[in-house]
Amino acid sequence: MMRPILLLLACKACSSFTSVSRVTVNRPLHIDSQRQHSIPANNSFNKQQSSTSTTHSHSALKATVDQEESVSFDKELSQRFESNNLQQVISYLQSHASSTKSLTSNQLKSIFEAIEVATVQSDENTVNKRSIEDATISSAVEFRALDKVRAEMSQLYQLLREEGKLRVFGAIGRSPPSSLRLPPPSGPIYPTTGSKIITPKLLETVTSMEMMSLTPQPTNFLLYGGAILASLEAVVSLMYGINFNFLVVTTLLLALADQILVSGAVFETALRIVRPEMTTRITKHEAGHFLCAYLLGCPVEGVVLSTWAALQDGRFAGRAGSAVSAGTSYYDIDLSEQIAGLKPLTRDSIDRYSIIVMGGIAAEAMEYGRADGGAGDEEALVRFLRSLNPRSTNAVSAWTPELIRNQARWGATQAVLLMKEYKPCYDALVDALERGGDLGQCIVAIE
């Protein structure tokens with residue numbers, strides 16, 4: 001079996017000045033003179049007091065109006081959320097640009113909650129799935145370009161980015177927001193640039209990690225677990241006189257039923273009880289996919305960290321027998337359109353996919369020194385690249401086994417460097433996921 005290889009990348013304080021007029025009044029010698037001079041002085045004071053009072057009144061009025069507008073904006077925006085219609089949310093935010101710039105964290109969370117609800121209810125729920133388990137060819141290359149809900153999701157992400165609310169989203173590989181008036185780069189700016197030929201030695205030099213750390217290794221846990229279970233069944237058979245073959249057959253039938261009915265969720269639960277660290281490892285793995293997609297400007301629509309959660313989520317093939325054990329769902333509208341034949345396939349799109357797919361392996365290697373999960377990720381990338389051979393056009397003439405291994409090394413290298421550069425964002429994301437945070441809480445944590 002070909003061992004997939006990982007890649008490297010040549011990657012105001014406002015000063016308030018209160019003007020104090022120091023008025024020196026020469027005390028008159030005669031009382032009439034005092035009266036004569038004091039009257040204009042009092043009139044001047046009254047005018048100043050009146051002017052100050054008017055200014056305060058205007059400020060109070062403006063504050064009241066601003067507060068009323070804010071309450072009205074929040075109320076009307078909430079009504080758009082309740083409809084779960086992303087286009088209504090987009091139209092409202094576009095027509096209230098000044099208020100959009102001052103969205104609160106809670107309002108941002110509500111926007112992404114609406115995105116989660118809308119994408120869960122979408123009819124097109126086979127888009128760009130990421131799974132830490134084995135991936136089929138359909139999950140690797142099936143992209144729906146004409147998905148209305150996800151196109152609206154992409155537009156909403158971009159709108160929030162343009163208004164300065166998502167500064168990390170698309171920070172790598174995308175043109176800067178037009179509001180910044182910066183010249184667009186000639187191409188994606190990755191942590192490392194230059195040649196895309198990444199040898200194992202170069203990978204180790206650039207990432208300061210061993211090649212084997214970025215190559216998923218089998219743990220043989222299932223083999224050892226099966227041997228222990230068989231031993232226990234043998235003991236039970238001897239102690240209670242139960243036929244050993246009956247116990248073995250019953251165990252196999254229960255395991256089969258578990259896989260068919262709930263996609264192995266019962267076995268996964270038992271496995272997590274035996275290996276408590278498994279939950280944390282899966283969380284950090286998926287955080288790698290999530291952050292890479294987010295940095296590369298691919299809208300993330302949701303993440304699940306267990307089979308039970310996947311079974312309840314249509315975006316992750318939420319039906320018995322086909323749910324994943326964990327996954328991150330994102331959408332790359334450019335690659336979707338290119339796969340559908342609406343646009344020429346570009347190398348930039350292939351590179352983005354490669355980095356995102358290898359992001360989970362890179363995250364595990366960084367956190368634990370080696371990657372246990374991720375064999376399915378590598379296989380998904382291999383199948384994806386092989387499927388492109390008939391349509392690679394100017395991206396790559398043909399994806400040979402050596403080029404595929406090189407692309408895997410390149411993607412892994414870039415993913416490692418991205419997460420090192422954005423380590424605070426990664427740590428915040430992991431913390432949000434461990435606390436059970438939803439999409440909005442995860443994105444607010446990153447930002």
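Residues are numbered from 1 along each chain as its sequence is written. In this predicted model, local features need pLDDT of at least 70 and side-chain atom pairs count only at pLDDT 80 or more, while totals for chains, interfaces and linings use all residues; side-chain values use heavy atoms, with hydrogens and water left out.

**Overall**

The protein has 18 helices and three strands, taken as DSSP runs (helices H or I, at least four residues; strands E, at least two) and numbered from the N terminus. Of its 447 residues, 43% are buried (buried is under 20% relative accessible area, exposed over 50%, partly exposed in between; 1.4 Å probe, protein chains only). The accessible surface is about 23,400 Å², and 57% of this belongs to carbon and sulfur atoms (Shrake-Rupley method, 1.4 Å probe; for residues, only the protein chains shown count as cover).

**Arginine 161**

Arginine 161 lies in helix 6 (residues 148–162). Arginine 161 is buried and has no salt bridge; glutamate 162, the nearest side chain of opposite charge, is 5.1 Å away. A salt bridge here is a side-chain nitrogen of Lys or Arg within 4 Å of a carboxyl oxygen of Asp or Glu; Lys and Arg count as positive and Asp and Glu as negative, with His and the chain ends not counted. The arginine 161 side chain reaches the backbone oxygen of phenylalanine 169 at 2.8 Å and that of glycine 170 at 3.2 Å. Beyond four places in sequence, the residues in contact with arginine 161 (heavy atoms within 4.5 Å) include Leu166, Arg174 and Pro177.

**Nonpolar patch**

Val235, Val236, Met239, Tyr240, Ile242 and Phe246 form a nonpolar surface patch with about 610 Å² of accessible area together. Patch members have over 30% relative accessible area and no salt bridge; like charges are joined within 9 Å, nonpolar side chains (Val, Leu, Ile, Met, Phe, Trp, Tyr) within 5 Å. Helix 8 (residues 221–240) gives the most, with four residues. Methionine 239 is in helix 8 and is exposed because its relative accessibility is 59%.

**Salt bridges**

The structure holds 23 salt bridges, among them these:

| Lysine 343 | Glutamate 337 | 2.9 Å |

Lysine 423 in helix 17 (residues 423–434) and glutamate 367 in helix 14 (residues 347–368) link distant parts of the chain, 56 residues apart. Arginine 383 and glutamate 379 are four residues apart in helix 15 (residues 375–387), so about one helical turn separates them.

Methods
Polar contact = N/O pair within 3.5 Å; in protein donor to acceptor, adjacent residues only side chain to side chain.
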